Structures are given as C-alpha cells and as structure tokens.
Amino acid sequence: MIYEGKKRIWSEYQKDIPDDHWYYVRSCIRQNFFPASERMFTEITRNVLGKDLYETPHHTTCGGIAYHCDTLPQETAMTIVARQFALMTEAGYENYVPSCITSFGNYAEILETWEEFPELEAKIRENLWKACRREFQKPKYLAHSSDLIFHWRDAIAAKAKHLLVNPHTGAPLRIVEHIGCHYAKMFPSKGEGGAEYPYVLAGMIESWGGEVVDYPERRHCCGYGFRQYHVKANRGYSISNTYKKFESMEPYHPDAIITNCPGCPYFLDRWQYVIAEQTGKTYGENGFGIPVLTYEELAGLVLGYDPWNLGLQLHQVAVEPLLDKMGVDYDPDAKYLGVNREDIMRPELPKSIRCY
Amino acid sequence: MKQNVVIIGGGIAGMEAANQLQLLGYNPIIVEQESALGGHVAQWHKLFPDMSVARDVVGRMSKSIASTNVFLDTRVVSVKSSRSHYTLSLSNGVDVTTRVVLIATGFGLFDARKKEEYGYGVYDRVITNGDLEQWMNGCADSRIPESPRSLGFVHCVGSRDLKAGNNQCSKVCCMTAVKQAIEMKELFPDSELYCFYMDLRLFGKKYEDFYINAQRDFGVHFVRGRVSEVGEDIDGRLCVKAEDTLLGKPLKIHLDLLVLMAGMVCHPQTSKVAEMLRLDVGNDGFFKSRDNLANIQESNQDGVFYAGACTGAKTIPETLAEARAVALRIHSYFNNL
Amino acid sequence: MTDFGFSISKSATIDMDAVDMELYERVCRQVPSARICMSCGSCSASCVAAPYSGMSVRKVILALQRGKDVRTMLSNCMLCGKCSMACPRGVNTRNLILTVCRNL
C-alpha cells in the first residue's frame, strides 16, 4: 500500500466546512441503537469546543428510510425535507448537519435533483406552502456530523485523555473504518476523501494515534441494506454481506471498528453474535468479537468520558477488550447501573461469543 | 534556398515526416520538448505484429534524419502569424519563420490514477502497459514480483469510458495486452495469465493470430468482463473483482500483478499549441481535422497540417502512413502557392 | 444452535483461486483446439438439443474453465456434428464432447 497515493486522492476530495453555527438534525434510530452518540456530538461541539449548534424538537424523519424501502415516493420525501429546511431557515441558520448517513445522502440527492430539475424544486416549494404555509432557503453548507468531527479531529486530539495506542506496548491500535454507503457512493465529491478511499474516519483514527486497517472489502456494504434486512426472506443476504466483510478483515486482527452510519455499527455489532451462533466463529481475541463503535463514542473515549455514560453497555460485542487496550479506567460493576446508579437489568449472555 | 517546415513533435510521426520532407527537398526543423527523439515508441520494448525491437525502429528513423535540424528540450513559446508566414518563438531563444507548420505532437497516455478503483499509485502491484514496456526494456520496477504466479491485464483503462472523458477506443491496447501476456508467459512459464476485456478489438494484420497463439500455445485465460474494483490483501496480493459476463456471474481472483491497459488521450500540450496557432480541438481533446474521412491531415488554418496520433488514437503503421502522406500534401501545398 | 429463520447464503461468486482446472487441462491436452474457442455461440445457435435442453458447447467449455459440472448439458448432446460445421475456429467439438465424457 502506497500511503502517498492515498494522500493524493484525499487531497482531491476536500469539503469546505464552516467552523461554527450549525443546525443539527438527529437520526430516527441512532438514539435507540447507540443512545449516547448524538448526545456526545452535542457535548463535544458545544461544551468541549464551544461551538454554536442548534436543534429543534420540531424536526421529524427526513423520509430517507421510507424512500429507500420503497414505501414513500421521492416527492413526499422532498416535501418533508423542504420542511426541515424551513425550520432551519426560521431558526436563522444556513449550515445543515444531519447525524444520519441516509439523511445526508437523501439531502445531497434532493439538492442535486433540484439543481438538475428546478421545476421540481418549484413544485416542492408549492407543496410545502399548501401543506404547512412554510418557506425555506436551501442550506449553504451541507455536512454530515462525522465531517464536523473530522474537521475538528486535531482539536479533539489536543484534549485527548486516551489515544488509540496501547499504553502497555506503545503500539497503535488497529482500527477498521467503515463508511455508510449513502455517505459518498452516490456523490463521491460530497465525501471527505471521496468514495474509494474515504478519509473521513481514517483521518480521525490517524489524528488520535491509531493505525487504519485497509482490507480488501473495505468498500463493501455493512450488510444492513434496508430491503435486505427489513424483508425477512432476504435477511440471509444481509448477514452474508456482513460475514463477507468479517472474513476479509479477519487476517488483520483489528482492535475495533468505527463507523459513521446509524445502521452499520448496529449490524456489524449484532450480526457478530448471529454469525457466532450459526458458524461458531468469532473474530476478536479469546472468543470475543471485534468491538464496533460510532465515531462519537470513540471520540468520547478519547476525551476521557466514562464508557458506561457513553452507552457502551448496550453493545452486543463486549467493548472491554478495547477499553483495556486503550488504558481506559472503568468500573466493571457499574456497567449495568443507570445514570441514577440504579440497576438497569442485565442481558442474557450468549454462549457462542464471549460477553460480559 | 530550401523552404522551412517546422514540425512540432519528434516522435515517429515527426521523424518520418521530416525524413520524407528532406527527400522532397525541404528543410524540416523538429521541435521536441523531451531530451530525445522517438516519443512514446522509444520507451517501448517490442512492437507487434512482427515483434520488432522498438529501439531499433526508432534508431533507424533517427539515422535517416541525422542531418535534420532538431531542437531537443525545446517548446514553442509563442507564434506570430502574418498573411503567409508563421514565426515561432522557441524556448531556446530561437525564432523560426516558416510557411508550414506540421503538428505531430502525438498522444498522452491516460493517467491511470484517475480510475481510483484500480488503485494505480495506491497498491504496490498495479502497473500500466507503459510501465511494463519500460521494465522489459531493462528499467527496474519494484512493483513487479520476482516470480509471479498469476497476472492480470485490464483492457480499456480510460478508453471507452464516458466518465473518464475518453469515449473512444484506443485501438492498440487489446493487441498490446495479448502481446504482453504472451511475453510474460514466456518469462514466467509457471504463471497463469488473465485478460479482462469488454470486447476484443483485434482488427490489424496478424492480430487475430496473436490471439489464437495466446489461447492455444500460451494458455492465456480471457475473461469477458470489466474489472470493477481492486483491493490489496494482507500479503500484498491483489483481490480483483469482475463479472464473468459470458456466465453471468460475479468472479474474484487473487493476482500478483495487475497491468492496466492505459488508453490514448490527447497530448497534455494540445490545448496550448491549439491556442497559439488558433486550431480547432474536438470534444475528445484531440486536434480537430477538417474532416475524419478524406482530410484527416488538414487543419482549420492555412499552412498547418497534422500527422499521427495528435488527431486520435492510431497504430504505428497508420501513423507512419500519415507522416508520409502529409509530406506529399505539404509538397503540393508549396507547389500551389 | 439458535434457529433465526435465515442463514448465511452461499455466494454465487466464482472464486477463481479455488477453481479446479484439472479436467479442463486434461481435455485440452487431448483436444488442443478446445483452447481456441472464442465464445461466438455458433455451436449453440445451430444445436439441435440447445433450444430444449440447454446444451451448448460454448457453455461446456466455459463451465470447464470455471470448474462447473457439465454432465447434464453433455447428456443432451446427440452427436450430430452440426456444431463442428458451424465453428469458425475449427474446434473439434464432437471429439471434445466425447473426450469430456470419457474423462468424467
């Protein structure tokens, strides 16, 4: 692998990202899957870096999941999106940052479509006016929240409590970066580093001291694929794609996987248990799986937040091996205590894959 | 006094035209930006269909124009045109006045890095057709393993590719791939060779014979399907994906070396030369001929002519035939002044 | 083992690293013209059995190169020899079919 060659490609895909004043919209599902991730994003943005980040309780789904599952026509999704833009305009913002990759792709696709077909944009403006008497400006800048963390990666590194380095051996941790399909595959120019060799997460890993694992199936889908997972008859295709990725990354013995999509960390995490059940195979050390984290969770660990306040106890694959490798201090007995220090109950632990 | 003809480009088109113009009694002046004559061909090893040694071919041509004025390491900086003359200012400080300018700037090899999915410049074992020719000519190349077990050739890299901005077929790459596959099999008899093609365009004399030899005598595997992506495994071997379109199934294979058949695109200096001489450029980036049937060597400017791959992808015999033809065309131009 | 109602599907991808070319190579040694097939399809287009059974000499050769089973296709051949007439490369198709059968 020629690192300079990748750097050259990265340099060709750089996004203009304003440093402050962002209108933030959450994902439909991330708070259920990884409850502290978005909270961590607002914490880092506002309290650690002192930036202005605005959000409103009036925000709804962007329609992306329904659009990609064929249950909603694109015009409807566009009108929903037009309403989100109206909320941003009313709040006085012009930089729009979604937390969800499919939303990001949905917004990018819609803005591009309006660019190509202005008459459609006019029609959507009319739809929105008829539906709720709102008007909107298009965002001046659209970025995914991982773009912002990427943008601030060195500022985060400067405040790091734990780097992605094993304090006992001094060796950098080997991290797989997995990018959600809707981030840049549709529009490579909209992604940091493009779509073949995305830099958005790799840049964070480098900046925080880790070593990026580049493996043959790095570009492959996590396996979620809305229509593959949501239709039970197709669910075998979903897990097969996940299996393909793990088989491809296995020889590199990664210490962790980080992702920037709502679905990817969920499926890369949960399917490890199902693969273990079905094949008896685990991909971490000593019968464990490979911990899968969102980039906000990883940033939280780097900044020294308590892993249990980051919601890491909700992961299927045990995160403790990663915490040990990073030298993170944690209380094993506090794992299943809530923020109010009361027991939140323990999950039944599987036999096929080691968990705590 | 002999009439000047300034030839921009000292590749095989420029050299052959110079030779013929000299024989016709003119004073050709070659302006070549590199430090040697011969252009791309001088970099290559053996030439199909007779497997002639490229250096010998270029050497013979150089000898034939030993008395010609040649400016090496020189570019045209600016051009002044009057009603009947062009005055070219060269980067070496010389000004040349001429009635006729012959454009023989040739082509550029497609920059294979643009096809990011193939990882040229990113993976250790991905090279181009041009790199392989230079290696066969004795230039060391650390990307080529000592004893590769499996080698792949990807046809149409940057050719027939709308997205890469080059819609045209580059004509010579299919044959080059077959030739190079045979040469590599001769060097590494225990290796397996795979050519990934969309169509095999083996149109020239003896080309089909090469194809049959490659199949029958060298056991080269031809897979119909374009390589969609390349990855690198932990041992540095390449993981290559394509569809076997004849079977309708995806296919993957590990290879020790992948050779990209980079196509012919317009020479990077085309637009600059076109601007100086106010020449039309086609939407493919090459110089635009008056028409593409009977007036390929005619430009939109009086006294400016074309020869060779500056107007589009061409084989060596086609280029040489054009160079000879343009010499006669220039001769008749002078006679009719 | 938990029954999830779905499982890891078998991939249809041809893994060329794992393909067993032994039969193909053996056949080619006995019928060298098998190597020069260019997949034009003339053999299948004129085949008496192709429209009803899926027999195709072109596909047989390709299947051998990809390590796939050819028994069903071959069992439908009637050895009429039309494919030999049609082949522009002169592949000895009848001999090829019989040779594959002998080597199975």
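1. Conventions. In this predicted model, local features need pLDDT of at least 70 and side-chain atom pairs count only at pLDDT 80 or more, while totals for chains, interfaces and linings use all residues. Residues are numbered from 1 along each chain as its sequence is written, chains are lettered from A and ligands numbered from 1 in the order in which they are written, and side-chain values use heavy atoms, without hydrogens and water.

2. Domains of chain A. Chain A is divided into domain 1 (16-145) and domain 2 (160-334), with bounds from an automatic or database domain assignment. Their C-alpha centres lie 26 Å apart. The contact (heavy atoms within 4.5 Å) takes 31 residues from domain 1 of chain A and 29 residues from domain 2 of chain A.

3. Area between the domains. About 2,700 Å² is buried between domain 1 and domain 2 of chain A, and carbon and sulfur atoms give 71% of this area. Buried area is the accessible area (1.4 Å probe) that two parts lose on being put together, summed over both. A:Phe33, A:Phe34 and A:Ile101 supply 24% of what domain 1 of chain A buries against domain 2 of chain A, more than any other three residues.

4. Salt bridges in chain A. A salt bridge requires a side-chain nitrogen of Lys or Arg within 4 Å of a carboxyl oxygen of Asp or Glu. Three are found across the interface of domain 1 and domain 2 of chain A. The side chains of A:Arg30 and A:Glu296 also meet in a salt bridge (2.7 Å, N to O). A:Lys15 and A:Asp147 form another, at 2.3 Å, N to O; the two residues are 132 residues apart in the chain. A:Lys15 is buried at 17% relative accessible area, and A:Asp147 is buried at 0%, where buried means under 20% relative accessible area (1.4 Å probe, protein chains only).

5. Links between chains. C:Arg66 forms a salt bridge with B:Asp244, with the closest N and O atoms 2.5 Å apart. Both residues are buried. A network of salt bridges links A:Glu196, A:Glu217, A:Arg219, B:Glu229 and B:Lys241.

6. Strand 9 of chain B. Strands are DSSP runs (E, at least two residues), numbered from the N terminus. Strand 9 (residues 100-103) of chain B has both faces covered: B:Val100 and B:Leu102 on one side, and B:Val101 and B:Ile103 on the other, are all buried. Strands pair if DSSP finds at least two bridges between them. Four bridges join strand 9 of chain B to the parallel strand 1 (residues 4-8) of chain B, where B:Val5 stands opposite B:Val100. Three bridges join strand 9 of chain B to strand 20 (residues 304-306) of chain B, also parallel, and B:Val304 is the bridge partner of B:Val101.

Note on methods
Buried < 20%, exposed > 50% of the residue type's maximum accessible area, 1.4 Å probe, protein only.
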